[in-house]
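Below are some notes on the model, written as numbered points. Please read them with the structure open beside you.

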Amino acid sequence: MSLKKAPSNKCDRCGKEDYYFEICTYCKKKVCKYCIKSSATATKTERRVICKDCWTNKRTQKKFQKPAVAPVRI
Ligand SMILES: [Zn+2]
Ligand SMILES: [Zn+2]
């Protein structure tokens with residue numbers, strides 16, 4: 001018996017089934033909340049998510065920590 005499940009409810013990183021996913025900004029993987037290392041809202045429209053894999057990469061980690069836009073001076 002083949003019971004086919006929608007492939008859309010599995011984490012790309014750990015394979016865990018979940019209902020909540022985010023796309024890693026850097027590797028574009030769909031990751032569950034356990035695989036998300038951190039997330040930040042850079043601007044009102046831009047949200048950055050970094051997975052645990054990308055976090056181990058120093059260069060990607062730096063990119064994540066660096067603000068996307070320069071702080072606005074008023
Ligand atoms: Zn996962
Ligand atoms: Zn990633």
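1. What percentage of the 74 residues in the protein chain do buried residues make up? Buried residues make up 15% of them, where a residue is buried if 20 or more other C-beta atoms, placed from the backbone, lie within 10 Å of its own, exposed if 12 or fewer do, and partly exposed in between.

2. This is a predicted model, in which local features need pLDDT of at least 70 and side-chain atom pairs count only at pLDDT 80 or more, while totals for chains, interfaces and linings use all residues. Residues are numbered from 1 along each chain as its sequence is written, and chains are lettered from A and ligands numbered from 1 in the order in which they are written.

3. The predictor's confidence in each residue, pLDDT, runs from 0 to 100; its mean for the protein chain is 87, with 82% of the residues at 70 or more. Where pLDDT is low, the predicted coordinates should not be read in detail.

4. The protein chain has 2 helices and 4 strands, which follow the order β-β-β-β-α-α from the N terminus; these are DSSP runs numbered from the N terminus, helices being H or I of at least four residues and strands E of at least two.

5. R48 lies in strand β4 (residues 47-51), and it counts as partly exposed because it has 19 C-beta neighbours inside 10 Å. Leaving aside neighbours within four places in sequence, R48 is in contact with T25, S39, A40, A42 and F64, contact meaning that the C-beta atoms of two residues, placed from the backbone, lie within 7 Å.
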